[in-house]
Number of protein chains: 2
Amino acid sequence: MEINGTAAASAAVGEPDFLAALANIVGEKWLVTTAADAEPFLVDWRGLFRGQAVAVVRPKTTAEVASVVRTCHQYRLPVVPQGGNTGLVGGAVPDADGAAVLIHLGRMNQIRAVDAANYTISVEAGCILQTVQEAAAQAGRLFPLSLGAEGSCQIGGNIATNAGGMRALRYGIMRDLVLGLEVVLADGTVWNGLKRLRKNNVGYDLKQLFIGSEGTLGVITAAVLKLFPAPKQRTTALIAVRDVPAAIALLSSLREASGDEVDACELMPRASVDLALKHISHARDPLDEACEDYLLVELASARESVSLQDLLEGVLGEAFEDGRVTNAVIAANETQASEIWLLREAIVEAQRLEAPHLKLDVSVPVSDLPLFLAAAKAGVEAIDPALRCIAFGHVGDGNVHFNVLPPEDGDIAADSNLSKRVVSAVYDTVMAFDGSISAEHGIGQLKREDLARYQPGVEAKLMGLIKQAMDPDRLMNPGKLLT
Amino acid sequence: MEINGTAAASAAVGEPDFLAALANIVGEKWLVTTAADAEPFLVDWRGLFRGQAVAVVRPKTTAEVASVVRTCHQYRLPVVPQGGNTGLVGGAVPDADGAAVLIHLGRMNQIRAVDAANYTISVEAGCILQTVQEAAAQAGRLFPLSLGAEGSCQIGGNIATNAGGMRALRYGIMRDLVLGLEVVLADGTVWNGLKRLRKNNVGYDLKQLFIGSEGTLGVITAAVLKLFPAPKQRTTALIAVRDVPAAIALLSSLREASGDEVDACELMPRASVDLALKHISHARDPLDEACEDYLLVELASARESVSLQDLLEGVLGEAFEDGRVTNAVIAANETQASEIWLLREAIVEAQRLEAPHLKLDVSVPVSDLPLFLAAAKAGVEAIDPALRCIAFGHVGDGNVHFNVLPPEDGDIAADSNLSKRVVSAVYDTVMAFDGSISAEHGIGQLKREDLARYQPGVEAKLMGLIKQAMDPDRLMNPGKLLT
């Protein structure tokens, strides 16, 4: 369903009033109506989704966003908010009918304030995640959200999609990091909920509605985020574990021994590391013997007084004795730590280079991971034993990226019937373990049909009631999330 | 507006159908319709609010709660959910008209499961908070919510009121501790959202609607809660600080030095300690010299390897050198730690014994506390310089219990005009600092008028839309929270 990424100039000719109104709000320079200029906004970065828009507007202030949304409401034009456009489910790209106004938040990129004593940062929606991290670090604080896309994703998008990432294990997901929000509602009203408070018990927590709502209830324009003491030491290890149960037991030991200072806990099965070594020239396995399951573990602490490396060595020593761990290397310096992380990052790219494949982002309770992984693999192999399951990622959160690659000479992506059967096999297993079919990537366009199939009716009904209450004209990001 | 706590037997005679239906659901034994038996459920524990109910029902299962609510919906009877009835704002007591069915959740008191590897506990709504803490501890885990009422409050009430308490600084408020919920909706439908997942990004986070909603959107029947590694050491200190800014700077130093292992940080001004020593015979000031502001600090760690006491001594040593701290005592054992906590707890009871007074539960950004406290005190003293302001409590969260006591021989509670002026002076100051007029106690009946006055119109409107969507017949806990 890929269509041309042309801004619908014909519609613009027929509807000059609202284009003039939009230009009047943001200035001619920040109203994009030509196909060439609009192109980068109309296709997602993986090239899976391509849409059309009657215009792309690039407001600079909350007041401008409010005026734009009010104008769209007046003309009954759909509104599609977009941040860094790094999403994986097509949530920030308009649909194909070309009626929508795309609001790009990138010019709202001011860090409004860092309050070190209050452990908060106040930011506009268009701030790049990495800029937020850096502003916090300059004040001796940590903003912990960390994603592969952090150099280009925007904080408003992180909030609208409730981003997860590498450090959710310790610091929580985006939802856990938001104290206050400013949102332009569907009719253009501004809700200023930019409280910088840890405790505020005055009724329904409205900000929660917008976090993870993928732009379907309003446009997030600014936020107050939690900060933490900046870490002063960090230690990274690559650990060969006996099996997945051993990995989970090791994680518990590390959480206990460190006082919950485990920043990351990433599982990499043998097959994923093999692909990384095959396809990525600078990927290296720092262990001297191949093993079945690798665990990347990182500890970090704001404490200076105690060596995390000593602590990690102590826990690994015990785990080695009882057989949970068979081998391990602790990075001696930042270069070695980077090499370990590079191996983790390489397995994503390596799979892409190996073959087109199915990428499923699922979660189950951590304690159920071993049984789930075995059951899901069995379900896929019952369809075709030559299919290759590679489940890796954030096991500390019970969140694995369950990818299914074709046999060496096959093409799973080209066979939509096979793809559907495989996806169903994995999702059915997820549901049997009371898990989630979208752990951190959201729903967007990609998983709407899946959600419709797997979501309990009462949840779909409640979501529909909220949508109806907040956006009765259904103008906010149509075609996304809701079924 | 105190009325008799009689169950409306007359209404019961006129409406035998629904009483028979309710008895049929829960059994005769668990349907309370006589005034004497209903009495404990109809008045809050402070005796400020007294209501009437057509019946008190005590269901044992989610299915029974659902049937009860369905029956109430069918007969258009208001529903008032009640847990431990320890709230401070009259949220769990029915209003005066006697039409309501009060659902007491106390018999739903099963710990369904503790999953140590997943760091979760699954509980029914009627579990006593302390029972939840103990079940977690038996599995080597911590459930961190900690309140004065923990021996009798129920977890369903903690969730419905989004309870805060002593350890919110480190572990967050109740909202931060809930992973899954089961709720009976206004029409009796059961929503099973009992996911045990850290990451689950499939649309609007419905559980957030019910957390802190004070029973106005549904009846919480069960929950999945986060656990943490159990602490293995703990150190408690009473610290004489130069002033409030010094206290806040000290807290930042402690958070940084400990790697965020500060469990509690409670401010006690001189006047509050004086009242404790005056009225509470077993209260003792362990410091050898009186000081203007006391800070109770507690650190706890799951780590065994490092002494928290050494760490605390190090930070206090530096703070002593630069004058932020003038004196301190670190508890040498649990008895001494208990004595320090007893002083903290005594200041609440001591104020009650001193005189009827106004209790305001407010919050501002931590960094604004010094200016706020000065401004609020000035505002009150401008009304009457003899009024005594005592602001104490959870300064680590920016949350102080701002109490106003009459002059030695006065009675502020008896003068409703004076009370109103004082409350307005404090709340106006709170709003000037973008704070909250209810940091952790909620709204209930007590603060509905205050909320109506101080809540921005757009928030009231959004709350009204959600209420209308979820409970169009307005049967869930009427007269609470919403204005």
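Hi everyone, let's start with the pair: chain A superposes on chain B by a rotation of 180° with 0.0 Å of shift along its axis, at an RMSD of 0.0 Å. That is the relation of a two-fold axis. The same surface serves both copies, as 100% of the contact residues of chain A recur in chain B. For the terms here, copies are superposed by least squares on the C-alpha atoms of residues with pLDDT of at least 70 in both, and contact means heavy atoms within 4.5 Å.

A word on the ground rules. This is a predicted model, where local features need pLDDT of at least 70, side-chain atom pairs count only at pLDDT 80 or more, and totals for chains, interfaces and linings use all residues. Residues are numbered from 1 along each chain as its sequence is written, chains are lettered from A and ligands numbered from 1 in the order in which they are written, and side-chain values use heavy atoms, with hydrogens and water left out.

Now to a sheet in chain A. In what order do its 3 strands come? The order is β16-β18-β17, in an open sheet with antiparallel pairing. Strands pair if DSSP finds at least two bridges between them; helices (H or I, at least four residues) and strands (E, at least two) are DSSP runs, numbered from the N terminus. At the edges sit β16 (358-363) and β17 (388-392) of chain A, each pairing on one side only. From one strand to the next, the twist averages 20°. Between β16(A) and β18 (residues 399-405) of chain A there are 6 bridges, and Leu360(A) stands opposite Phe402(A). Helix α14 (residues 369-383) of chain A packs on this sheet, touching β16, β17 and β18, and its direction makes about 20° with that of β18(A). Those angles run from 0 to 180 degrees between N-to-C directions, with axes being lines fitted to C-alpha atoms, for helices over the stretch in contact.

Phe402(A) comes up again in the largest nonpolar core, which has 194 residues: it is one of those that touch the most other members, along with Leu225(A) and Phe372(B), among others. A second, separate core of 26 residues includes Val57(B) and Val219(B). Such a core is a set of buried Ala, Val, Leu, Ile, Met, Phe, Trp, Tyr and Cys residues joined through side-chain atoms within 4.5 Å. Buried means under 20% relative accessible area, exposed over 50%, and partly exposed in between (1.4 Å probe, protein chains only).

Next, helix α15 (residues 416-432) of chain A. Its 17 residues should span 24 Å at 1.5 Å a residue, and its end C-alpha atoms are 24 Å apart, which agrees; the expected span is 1.5 Å times one less than the number of residues. Its buried residues include Leu418(A), Val422(A) and Tyr427(A), and what covers the buried residues includes β16, α14, β18 and α16 (448-454) of chain A. Just after α15(A), Asp434(A) takes a positive phi of about 55°.

Asp260(A), near 60°, lies in the loop between α10 (244-258) and β13 (262-269) of chain A. Asn162(B), near 50°, lies in the loop between α6 (155-160) and α7 (168-171) of chain B. Which is buried, and which partly exposed? Asp260(A) is partly exposed at 23% relative accessibility, whereas Asn162(B) is buried at 4%.

Last stop: β3(B) pairs with β4 (residues 101-104) of chain B in the parallel sense over 4 bridges, with Val80(B) opposite Leu102(B).
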